[in-house]
Amino acid sequence: MTPVTLIAAGLAAEKKSAEVTDWAARIGWLVGLALFVALVYWLMREGWKWRGTLQGDLPELPAVPDDPGPARLSMSGRYHGSTTAGQWLDRIVAHGLGTRSRVELTLTDAGLDVVRPGATDFFVPREALREAVLGKGIAGKVLTEGGLLVVTWAHGERLIDSGFRSDHAAEHTDWVDAINSMINKTETEGAR
């Protein structure tokens, strides 16, 4: 072996990690970090409940009528939440509208039936529908342009935007056309 190799081997043999001698300090840091994470989680949860309290004036969600009629369209996908219309960051959490979930949407002549496994189902009557558009984001969820079906509807004195994403995004344009034609037909019938 050459002298350089011997020196390198000697240095490598000397390198080893230092013994951990202060276990109490390390455990103290870990406990402190765990308490900090728990505090942040608790504050987020309290903020969510406070937002729900502020939105307590929102009436109960309509139930599905006994005979909604035949399905015009149906789709499965994801429900991404509801916001105050036109304000895509103002999430509505009252009555479970802020809970993201899987969704089964059915459009009938009576309105829009929103079935959410594990969350509160709701129904949007035909008269409450205001508009359907293709959007790219709602309440913390941003997708590609046109990747989100946003349905605007009236509930009480408030206009609400609800965001849905189909498992097959090509269906979104059919939904926009069907809902908007249904709204236009309702307005035409109401003008007579």
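In this predicted model, Thr 152 counts as buried because its relative accessibility of 10% falls below the cut-off, buried being defined as under 20%. Thr 152 is located in strand β8, which covers residues 148-155. Its side chain is joined to that of Asp 161 by a polar contact of 2.5 Å. When residues up to four places away in sequence are left aside, Asp 161 is also listed among the residues that Thr 152 touches, together with Ala 85, Ala 128, Leu 129, Arg 130, Glu 131 and Ile 160.

Strand β8 belongs to an open sheet of 7 strands. The order across the sheet is β4-β3-β2-β1-β9-β8-β5, and the pairing is antiparallel. In this order, β8 stands between β9 and β5. The edge strands, each of which pairs on one side only, are β4 (122-125) and β5 (129-135). On average, and with direction ignored, neighbouring strands of the sheet are turned by 30° against each other.

A separate segment of the chain is annotated in a sequence record. An unreviewed UniProt entry lists residues 27-44 as "transmembrane region". In the model, the chain over residues 27-44 is 100% helix and 0% strand.

Conventions
Residues are numbered from 1 along each chain as its sequence is written. This is a predicted model: local features need pLDDT of at least 70, side-chain atom pairs count only at pLDDT 80 or more; totals for chains, interfaces and linings use all residues. Side-chain values use heavy atoms; hydrogens and water are left out. Two strands pair if DSSP finds at least two bridges between them. Helices (H or I, at least four residues) and strands (E, at least two) are DSSP runs, numbered from the N terminus. Axes are lines fitted to C-alpha atoms, for helices over the stretch in contact, and angles run from 0 to 180 degrees between N-to-C directions. UniProt positions are given in the numbering used here, feature names are shortened, and annotations may be inferred rather than shown by experiment. Buried means under 20% relative accessible area, exposed over 50%, partly exposed in between (1.4 Å probe, protein chains only). A polar contact is a pair of N or O atoms within 3.5 Å; within protein, one must be able to donate a hydrogen and the other to accept it, and residues adjacent in sequence count only if both atoms are side-chain atoms. Contact means heavy atoms within 4.5 Å.
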